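These are my notebook entries on a single chain.

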Amino acid sequence: MTVFRIEKTKDFTIMSNHHLRNKTLSLKAKGLLSLMLSLPEDWDYTTKGLAQIGKEGVDSISTALKKLEKHGYLTRHRIRYKNGQLGDVG
């Protein structure tokens, strides 16, 4: 197998290997977390926003997010608008 290495001068992400080596996480959850870590902080981290940048649907993204939350890699809270209505999970 060929391994491609690039010069890290721009457009790259540095992250811990912790989640990548966690045997209890699926490859889907590891990949999603890696993708999320590569995105800017102001990205639309809703299930719909994450589904728009990949081929997995909202349900698949939601399943992976639940796994990440269960294992402590993610915390979420529901947004409540000024009028009292509940919005997206942020």
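**Entry 1**

I looked up Trp43 and found it in the loop between helix H1 (27–38) and helix H2 (47–51). I took helices (H or I, at least four residues) and strands (E, at least two) as DSSP runs, numbered from the N terminus. The model is predicted: local features need pLDDT of at least 70, side-chain atom pairs count only at pLDDT 80 or more, and totals for chains, interfaces and linings use all residues. Residues are numbered from 1 along each chain as its sequence is written, and side-chain values use heavy atoms, with hydrogens and water left out.

I noted Trp43 as partly exposed because its relative accessibility is 30%; buried means under 20% relative accessible area, exposed over 50%, and partly exposed in between (1.4 Å probe, protein chains only).

**Entry 1**

In soluble globular proteins, nonpolar side chains tend to be buried together.

For Leu68, I set aside neighbours within four places in sequence and listed contacts (heavy atoms within 4.5 Å). Leu68 is then in contact with Leu25, Ala29, Leu33, Tyr73 and Leu74.

**Entry 2: His19**

Not counting residues up to four places away in sequence, His19 touches Leu25, Lys30, Leu33, Ser34, Leu37 and Tyr73.

**Entry 3: the whole chain**

I counted three helices and two strands, in the pattern α-α-α-β-β along the sequence. The chain is more spread out than a compact globule, because its radius of gyration is 15 Å, well over the 12 Å that the globule rule gives for 90 residues. That radius is taken over C-alpha atoms, and the rule is 2.2 Å times the number of residues to the power 0.38. Along the principal axes, the C-alpha atoms fill a box of roughly 55 × 30 × 25 Å.

I noted that buried residues make up 23% of the 90 residues. Among contacts between residues at least 6 apart in sequence, 32% join residues at least 24 apart.
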